[in-house]
Protein chains: 2
Amino acid sequence: MSGPPSEGPGGLPVPAGGAVEDYLRAQATEFLRALRAQRENGPASDEASEAARALRRAARRIAGALHTFGPLLEPSWSDAVRPELAWLSSTLAREHAYTTRLTRLLGALHRLCGGPDPEAAGELPAPAPRSSRARTAVATPSARRAPATAPSATGTLTVGAAKAGALLERQLTLARTRAHSAALGALGSSRFHAVADQIAVLASEVPLNPATASAPSQESLASLATGTATRLMDAVEALPLCRAGHPYNAEALILGGVTPDTAPDGQDAPWHQVGRLLRLHRYAQEVTGPVPGVPRGLAATGLLGAGHALDQHRDAADAAKAAAEAARTPRITPATAYALGVLHADQRHEVEAARFAFQRIWQRGTVTAR
Amino acid sequence: MSGPPSEGPGGLPVPAGGAVEDYLRAQATEFLRALRAQRENGPASDEASEAARALRRAARRIAGALHTFGPLLEPSWSDAVRPELAWLSSTLAREHAYTTRLTRLLGALHRLCGGPDPEAAGELPAPAPRSSRARTAVATPSARRAPATAPSATGTLTVGAAKAGALLERQLTLARTRAHSAALGALGSSRFHAVADQIAVLASEVPLNPATASAPSQESLASLATGTATRLMDAVEALPLCRAGHPYNAEALILGGVTPDTAPDGQDAPWHQVGRLLRLHRYAQEVTGPVPGVPRGLAATGLLGAGHALDQHRDAADAAKAAAEAARTPRITPATAYALGVLHADQRHEVEAARFAFQRIWQRGTVTAR
């Protein structure tokens, strides 16, 4: 997007509120369209799943705009809606996250056993789409059935790896089924209806803050977007980028690698935070166009690439944690635990690889900007 | 070393055999000096251990010269001595290898648990030098005592890691004790006495091949050394260097990662082979000076650096294998097995890191040579 026009018809400066208003209205319309699609399709269809994704996408963007451009909006309204949108997107995201995690872990196991990466080769059946899972939604029998169906997904794997794969498939399928039920429950709740009502209002009339929203667009929008960009730059500044730029620094495995009880949340947290700020920054740019203060070389594909690296970072960290958690399952064999340990370390190295990738992209952007 | 002089006194060309003769005589003298030192000191003293290292060093160099410059020497003699020297160096090397492996594995465990690298910080007591180990040489009681003494070495480690460390310490200390006894046995054997006698002959009279050894030095030496260099270059050519140059390619963990039964010997073997050829090439250069055909940029420190990277490759691969083998110990807990799995994967990533380091050094040498 190239940002809002600096002048309206007749040469008058466009008020800042206007650009945000247009953006929020468009996203609210998108939200309502997705909601309709979601209701018109069965809860377990591919269309419903696509609609849920669209719903989440719009909810995240509305929340992002409220975050960055909050001062232009009616404060009490904005403060009330933001946490509800956060609740909604996190509830809807969970099922998808479990699917991703299982696919990633089974893929890694397959790769470690010498098979081609199933995701790349399309050879290993990916975990069934949520529709077919949802039909066997009663949790326990589905979980008990999993080991019997696992061999298809873990065909060439050897003893410990096959058991580890079956265990992960059982646990993550169960978690996904629960997340699916929770998402369905959320979409039918009065809490959700209240959110939907507020978004419906937004689609027709955005509650602007009369004290600020009439300020000239360019100035006010840019200064708000720069605020988000500055937070992003500060957060990136605080990352150990120099170390991340040295391949095989073996940092990501430190603490929480060796015992399934601990987790290296501490070292991951600043990266996760940068991922969130990067997304906010990207959304802010959808309203304002390129924002000064961020490496210019990153403006377009670079930002997406950096965001992708941090998504990988988060997914790998979550997958590593899931492997560690599975290793705490009572009564597993040492061979299974060993395979889970290898898998955990493998995913922590993917975490490190993602940091390296991010560092490269960011540095390139910084250099280009000079 | 700058290589042999091309002309002798009176301007006559130095015969090829002469340079090799000088080298072999010097190494044989070194061998005999080390042997005397070894005998004069108690079998468990630091001096004896240093003497054994010197013995090994000389034996490896003599074997290397016989390998590269074999055609200049009396064939039946050379063919008889070479396998004996190989037997001797491998027997003497084993104890040292177990010490290195244990230090590496305990260091890695310590690092993974968030402690400073004990090798770097000098904080974790390194496995006791072989002298004190040798005094508790009866294997089983020492092995049983290990868990009780392990906490000193694994102080800050958490449950699974501590047990894994104690298990590795027990197994590798036992193996080292056995290797020490085997080395002592070998040094007292009639087989060794026969080798020592042959080396004593070498120190006074090198059995040259009259048909070839009188050829002019430059030509003949260079062509033999180039033969070794060519084998090295061909072996490097066959390595997957391009892939190794992409950090975090995750190749080293493939096959043999996930189950303790398999080992990725297949993918390691070509790297080990390059390590051996690189050493032979380095020894050949001690006779001839720089040999054409090998990246010139590598001539001095580069060759050492490349060799060091391949030593790390071999040590990490061996350590990974030891972790996998320990995971097959009956009746270990899942937590121990999990920690061993993490440790195995960590060492396999060290293998990958060593390949990356080698690729960098080699490429730099190739680029400089252009």
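# Briefing: the pairing of chains A and B

About 3,100 Å² is buried between chain B and chain A, and carbon and sulfur atoms give 73% of that area. The model is a predicted one. In this model, 40 residues of chain B are in contact with 40 residues of chain A. The points below cover the relation of the two chains, the surface through which they meet, and two single residues.

**How the copies are related**

- Chain B is superposed on chain A by a rotation of 180° with 0.0 Å of shift along the axis, and the RMSD is 0.0 Å.
- The two copies are thus related as by a two-fold rotation axis.
- Of the interface residues of chain B, 100% are also interface residues in chain A, so the copies meet through the same surface.

**Contacts across the interface**

- Between chain B and chain A there are zero salt bridges.
- Six residue pairs are in polar contact between chain B and chain A, counting pairs with both residues at pLDDT 80 or more.

**The side of chain B that touches chain A**

- Four helices of chain B each supply at least two residues of this side: H3 (75-112), H7 (159-187), H12 (301-326) and H13 (334-369).
- The most comes from H13(B), which gives 14 residues.
- Sorted by class, the side of chain B that touches chain A has 26 nonpolar residues, eleven polar residues and three charged residues.

**Gln171(B)**

- Gln171(B) is found in helix H7 of chain B, a helix that supplies at least two residues of the side touching chain A.
- With a relative accessibility of 29%, Gln171(B) counts as partly exposed.
- Setting aside residues up to four places away in sequence, Gln171(B) touches Ala326(B) and Thr329(B).
- The C-alpha atoms of Gln171(B) and Ala326(B) are 7.7 Å apart in space, while the two residues are 155 residues apart in sequence.
- With Thr329(B), the contact is also polar: the side chains of Gln171(B) and Thr329(B) make a polar contact at 2.7 Å.

**Glu21(A)**

- Glu21(A) belongs to helix H1 of chain A, which spans residues 16-40.
- The relative accessible area of Glu21(A) is 19%, and Glu21(A) is classed as buried because the cut-off for buried is under 20%.
- Apart from neighbours within four places in sequence, Glu21(A) is in contact with Val206(A) and Leu208(A).

Definitions and conventions. Residues are numbered from 1 along each chain as its sequence is written. Chains are lettered from A and ligands numbered from 1 in the order in which they are written. This is a predicted model: local features need pLDDT of at least 70, side-chain atom pairs count only at pLDDT 80 or more; totals for chains, interfaces and linings use all residues. Side-chain values use heavy atoms; hydrogens and water are left out. Copies are superposed by least squares on the C-alpha atoms of residues with pLDDT of at least 70 in both. Contact means heavy atoms within 4.5 Å. Buried area is the accessible area (1.4 Å probe) that two parts lose on being put together, summed over both. A salt bridge is a side-chain nitrogen of Lys or Arg within 4 Å of a carboxyl oxygen of Asp or Glu. A polar contact is a pair of N or O atoms within 3.5 Å; within protein, one must be able to donate a hydrogen and the other to accept it, and residues adjacent in sequence count only if both atoms are side-chain atoms. Ala, Val, Leu, Ile, Met, Phe, Trp, Tyr, Cys and Pro count as nonpolar, Asp, Glu, Lys and Arg as charged, and the others, Gly among them, as polar. Buried means under 20% relative accessible area, exposed over 50%, partly exposed in between (1.4 Å probe, protein chains only).
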